[in-house]
There are 2 protein chains.
Amino acid sequence: MSGKKRSTPERVAERLKAAGLRLTPQRVAIYRALVQTDSHPTAQRLYEQLQPELPSLSQATVYNTLQALVEKGLVHEIGDAGDGAVHYDADLAPHVNLVCTRCHRIDDFHADLLAKADDLVAAESGYRLQGARLVYYGLCPACQAEVAHS
Amino acid sequence: MSGKKRSTPERVAERLKAAGLRLTPQRVAIYRALVQTDSHPTAQRLYEQLQPELPSLSQATVYNTLQALVEKGLVHEIGDAGDGAVHYDADLAPHVNLVCTRCHRIDDFHADLLAKADDLVAAESGYRLQGARLVYYGLCPACQAEVAHS
DNA sequence: GTTATAATTTAGAATAGATATAAAGTAATA
DNA sequence: TATTACTTTATATCTATTCTAAATTATAAC
């Protein structure tokens, strides 16, 4: 809900590497931008924001990179906020997103109570959780089985 | 997660009326379809499903109706599940949505623990909550003020 | 350092979910 | 039944996202 510090920018590169991603200027810039903001930007927003810094950046790269980051579990998709665009968040700690249905802003709300729900949900549902927001992302039991066989 | 009964179809009409919406066959059909399913359909899905029953139905009507239902608080937008389309749910009780990042299905998970979070979030954030899912939809304080003045 | 190669970026075209528009139809009220 | 505002419809349009093919580049091996 505030300009609270999110994460250490210096570790952005190492975290990308640790995830098995090649270290390109585009990826570093996109991931760093996400880590440094609380505003849950869309792909378009990131593209516009990084234009000055990376004039050759293409929209496809932003989308590709975001997809890679989500797959590696470095950022979470928040989904759309009624504005028809997907929002992204690099804050992986369990927290509530408050989505304004009028102006489409997304605020954060941290509450210890919510952390306790994670284990319960995971255990009883059979999902493998990939995040803990007010929407839980994960693989359903059927998909876990299919992935294991491939 | 199961074929659990959702709501009484007979009350679909009265609930539409109580919300101040005109009673058209299209609206009744769309709202009833949402109330009767656990599958969190998209606008497109609803359109296809209702084709046999209402051959003249247009996509715009589905979108218009869903928007009206959301505005009146009769259904919730779940947002997209990684498939680029917005999903809808007529189950207004607080519950977790489990979104599979692979096959994009959305399951439900009810937990009493979550109900307790509502009041806390509402009180401390200043939002007026319109729903309680793992994403909370509502109006932010700024929007509440603006709406009050118009 | 070079080189090889597989991943990545790029620009632009293509796709598809969602919205806007204007005309025709219809529910609700008196 | 007549009126009127609200709805529906079909079509055109918008725009977020994905796809494609060619050019580029990060990484590892030499």
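Tutor: A residue is called buried if 20 or more other C-beta atoms, placed from the backbone, lie within 10 Å of its own, exposed if 12 or fewer do, and partly exposed in between. The model is predicted, so local features need pLDDT of at least 70 and side-chain atom pairs count only at pLDDT 80 or more, whereas totals for chains, interfaces and linings use all residues. Residues are numbered from 1 along each chain as its sequence is written, and chains are lettered from A and ligands numbered from 1 in the order of writing.

Because 22 other C-beta atoms lie within 10 Å, B:Y88 is buried. Beyond its neighbours within four places in sequence, B:Y88 is in contact (C-beta atoms within 7 Å) with B:L34, B:H40, B:P41, B:L66, B:V75, B:E77 and B:I78. From B:S58, B:Y88 is 30 residues away in sequence and 18 Å away in space, C-alpha to C-alpha.

The DNA comes next. Around DNA strand C there are 26 residues, with A:T24, A:A60, A:T61, B:L23 and B:V86 the closest (near means a C-beta atom within 6 Å). Two or more residues each come from α2 (25-36) and α4 of chain A and from α3 (43-50) and α4 of chain B. The most, four residues, come from α4(A). Ten residues of this surface are nonpolar, 13 polar and three charged (Ala, Val, Leu, Ile, Met, Phe, Trp, Tyr, Cys and Pro are nonpolar, Asp, Glu, Lys and Arg charged, the others, Gly among them, polar).

Within chain A, α3 (residues 43-50) packs against α4 (residues 59-71) at about 125°, with axes 9 Å apart. That angle makes α3(A) oblique to α4(A). In this contact A:A43, A:L46 and A:Y47 of α3(A) meet A:Q59, A:V62, A:Y63 and A:L66 of α4(A); six of the residues are nonpolar, one is polar and none is charged. Axes are fitted to C-alpha atoms over the stretch in contact, with angles from 0 to 180 degrees between N-to-C directions; under 35 degrees is roughly parallel, over 145 roughly antiparallel, 65 to 115 roughly perpendicular and the rest oblique.

Definitions and conventions. Contact = placed C-beta atoms within 7 Å.
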